Amino acid sequence: MRHLVLVLGDQLDAEAAAFDGFDTEHDAVWMAEVDEESTHVPSSQPRTALFLAAMRHFAAALQAAGRRVHYTRLDDAGNRGRLADELDATIERLQPQALVMTAPGDHRVLRALQAVAASHGLPLELRPDRHFFCTVREFAAHARSRRTLRLEFFYREQRRRHGVLMDGGEPCGGRWNYDADNREAFGRDGPPPHAEPPRFAPDAMTREVLDLVRRRFAGHPGRLDSFAWPVTREQALHALQRFVAERLAGFGRWQDALWPGEPWLWHSQLSAALNLKLLDPHEVVAAAEAAYRAGRVPLESAEGFIRQILGWREYVRGVYWTRMPGYAELNAWDAHEPLPAFYWSGDTPMACLADAIVQTLEHGYAYHIQRLMVTGLYALLLGVEPKEVHAWYLAVYVDAVEWVELPNTLGMSQNADGGLMASKPYVASGRYIERMSAGRLCAGCRFRPGERTGDTACPFTTLYWDFLLRHEARLATNPRMVMPLKHLTRLDAAERARIGERAAALRAGGF
């Protein structure tokens, strides 16, 4: 054997660089399902099922195309349970001359596979990941050229470089960013009629995976009753087409809006397919821009969606690979509280948190405002250890791959990187959730968002004021926190003490 081509569960792209020059006579593909990838964090049942189902379908497609695939299933006799151990055994059996792979998206996995290759004295050729618009080297050069690392500057650079939403040398519409136009809440009657995303009924191969996951990971969080994620390239392309045709037009206007019992709204649900490489971001961005150019969607919707992919997604990858492994250890706010147990069950009297967590466990999904300004916000205000928050997000969401999840959680959500990614911590009181859900989430809750203290005070509101009080000196140096801190001057010593006592009770688990 000449090359053993290693393919990981988030590298399901038949056009990846790892396959360049593939010789069907002398090369083969290696893929492995192992317990370790579902147990290093307690991967939810929907997340594990999506990875395994997509991997099996991809392997079958490779075999149908005439490529040899050495594939280890999770329940195969003798499965060693770790990627490194499975690769080690395969090398012993097949004796390849070299290993080839597309650069992985997880620092832990990269180091493990490099160690196996070194132990056998084999070269491991890491080929560039063409899936992205920006290479890690290009991002590093961008970062070196700036005193502060901010998304907006990187995003504009990407737009110019790739000619996306540009009219000559200027941005379409004369503005780079339409974020200010994309923060509308629903009215009291809730979201207007909208299309549901497509659902993909599990085929026989996926049903086999669902049964396996239910048996093998019965104690893991989440449920599989509603599993309907795309697990093939064809399904992912259909999901993209339906989103652009049916929901992209309303995405911009309501991308930040909240409503109880509405997990999908106008969001794309394409992140899992993108992160598994079933979709290419170039084709996703091109589809959104084409819809704008054809007059089918407004500019603010196309721009807001494209910014998430061409801007934010590329930005967090650059942060991850230029800052790891030390990035995972950052804890700028010295937060050490444990993650509340209700994050694994949704059993909490806080209506907004219960809604977001139960939805997460049911579908393995929540959209960005639920993650940033509900589950993430509460953990930040409570003072949870950032690594525990990171482990939860990595475990529960079907689109969670560490390169994208860790910076989003530790940097954006928890602000634990000291402001590298965000110029201020994203903190807010219960009033924010009340406003963005037009009061509907709060109406069904026993807590009142306008109250700071007392038994009916919203925990978000109490903890928001407590966060400002605990970190007042440090926040005072941040010009974007001037206005929130001014409100602290209205609080007398007695009120400050009551806030602190109520916050301490919440950290002790009392409501």
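This is a predicted model: local features need pLDDT of at least 70, side-chain atom pairs count only at pLDDT 80 or more; totals for chains, interfaces and linings use all residues.

1. Let's begin with helix α3, residues 83-94.

2. Which residues of α3 are buried? They are Leu-83, Ala-84, Glu-86, Leu-87, Ala-89, Thr-90, Ile-91 and Leu-94. As a reminder, an α-helix has 3.6 residues a turn, so positions three or four places apart point the same way. The partners of the buried α3 residues are the strands β1 (3-6), β2 (28-32), β3 (69-72) and β4 (98-102), together with the helices α1 (36-39) and α4 (107-119).

3. Now for the cysteines. How many disulfides does a search of the whole structure find? The count is 0. For Cys-352, the closest cysteine sulfur belongs to Cys-458 and lies 6.3 Å away, which is too far for a bond, given that a disulfide needs the sulfur atoms within 2.5 Å. Cys-445 has its closest cysteine sulfur in Cys-352, at 6.5 Å, and that is also too far for a bond. Cys-352 is buried, with a relative accessible area of 11%, and Cys-445 counts as buried as well, at 12%.

4. The pairing of helix α5 (residues 136-144) with helix α12 (residues 299-323) deserves a look too. Their axes are 9 Å apart and the packing angle is about 85°, so α5 runs roughly perpendicular to α12. From α5, the contact uses Val-136, Phe-139 and Ala-140; from α12, Tyr-315, Arg-317, Gly-318, Val-319, Trp-321 and Thr-322. Sorted by class, the contact contains 6 nonpolar, 2 polar and 1 charged residues.

5. Finally, is Arg-223 buried, exposed or partly exposed? Arg-223 sits in the loop between α7 (204-216) and α8 (233-246), and a relative accessible area of 34% makes this residue partly exposed. Leaving aside residues up to four places away in sequence, Arg-223 touches Pro-46, Val-358, Leu-361 and Glu-362. Arg-296 is 73 residues from Arg-223 along the chain, and their C-alpha atoms are separated by 37 Å.

Technical notes
Residues are numbered from 1 along each chain as its sequence is written. Side-chain values use heavy atoms; hydrogens and water are left out. Buried means under 20% relative accessible area, exposed over 50%, partly exposed in between (1.4 Å probe, protein chains only). Helices (H or I, at least four residues) and strands (E, at least two) are DSSP runs, numbered from the N terminus. Contact means heavy atoms within 4.5 Å. Axes are lines fitted to C-alpha atoms, for helices over the stretch in contact, and angles run from 0 to 180 degrees between N-to-C directions. Angles under 35 degrees count as roughly parallel, over 145 as roughly antiparallel, 65 to 115 as roughly perpendicular and the rest as oblique. Ala, Val, Leu, Ile, Met, Phe, Trp, Tyr, Cys and Pro count as nonpolar, Asp, Glu, Lys and Arg as charged, and the others, Gly among them, as polar.
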